[in-house]
Amino acid sequence: MKRILIYSMSLLVFTACGSSTNNEGNKGGLPANLVNNPNSANGLDTVAAARKPTMDFKDTVHNFGAMHKDEVGQYEFEFTNNGKTPLIITSAAGSCGCTVADYPHDALQPGNSAVIKVSFNSKGKAGHQEKTVTIHANTLRSTHMLFIKADLDKE
């Protein structure tokens, strides 16, 4: 019985780990050739680094100021891809459940601008609040941070 279990697990592992080198399994996703990492064991490839997309924000901090209990604040952080290749944002996550980011899911071409919409729900919060949104993208510096602040009524 033990031998059958080991055989079954081995078969499952080998059949589940099949790989594909084409994009046929990439259902509506972006092609892998849009992602290029200029870092290697030999250091930074400056030519490849110069071709990377950028996320140049107009501002990275927004202060909602005074907010009332249960109020929802929204702000749009505008950015531009001043790089030479398409910008791909893979995720944008708030530091807690009260902070939600909506970001463009399509590649942003060089020279184009877009916004990341951030919502802050003050429900259950009091006093001074500072929250962050962490963004992951195919830029040279792969992580970017946005900051929001608010001063809420004391409950």
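Predicted model: local features only at pLDDT ≥ 70, side-chain atom pairs only at ≥ 80, totals over all residues.
Biologist: Hi! Let's start with Thr 139. Where does it lie?

Modeller: Happy to! Thr 139 sits in the loop that links strand 9 (127-137) with strand 10 (143-152).

Biologist: Buried or exposed?

Modeller: Thr 139 counts as buried, because its relative accessibility is 6% and the cut-off for buried is under 20%.

Biologist: And what does the side chain of Thr 139 reach?

Modeller: The backbone oxygen of Arg 141, at 2.6 Å.

Biologist: Which residues does Thr 139 touch, leaving out those up to four places away in sequence?

Modeller: Lys 52, Pro 53, Thr 54, Met 55, Leu 87 and His 144.

Biologist: Nice. Switching to cysteines: how many disulfides turn up in the whole structure?

Modeller: The search finds one. Cys 96 and Cys 98 are the two partners, with 2.4 Å from S to S.

Biologist: How accessible are Cys 96 and Cys 98?

Modeller: Cys 96 is partly exposed at 23% relative accessible area, whereas Cys 98 is buried at 10%.

Biologist: How many bridges join strand 7 to strand 8?

Modeller: Four, and the two strands run antiparallel, with strand 8 covering residues 113-121. As one of the bridge partners, Lys 117 in strand 8 goes with Asp 102.

Biologist: Great. What about aromatics: how many pairs does a search of the whole structure find?

Modeller: Three aromatic pairs. One of them is Phe 64 with Phe 120, a stacked pair at 6.4 Å centre to centre and 20° between the planes.

Biologist: Which strands do Phe 64 and Phe 120 lie in?

Modeller: Phe 64 is in strand 4 (residues 61-67) and Phe 120 is in strand 8, so their pairing ties together parts 56 residues apart in sequence. Phe 64 counts as buried at 18% relative accessibility, and Phe 120 is buried too, with a relative accessible area of 1%.

Biologist: And how are the rings of Tyr 75 and Phe 77 placed?

Modeller: Their centres are 4.9 Å apart and their planes stand at 80°, so this pair is edge-to-face; the cut-off for that label is over 60 degrees.

Biologist: Last one: what is the accessibility of Tyr 75 and of Phe 77?

Modeller: Tyr 75 is partly exposed, at 23% relative accessible area. Phe 77 counts as buried, at 0% relative accessibility.

Note on methods
Residues numbered from 1 in each chain as written. Heavy atoms only, no water. Buried < 20%, exposed > 50% of the residue type's maximum accessible area, 1.4 Å probe, protein only. Polar contact = N/O pair within 3.5 Å; in protein donor to acceptor, adjacent residues only side chain to side chain. Contact = heavy atoms within 4.5 Å. Disulfide = S-S within 2.5 Å. Pairing = 2+ DSSP bridges. Phe/Tyr/Trp six-rings, centres within 6.5 Å; stacked < 30°, edge-to-face > 60°.
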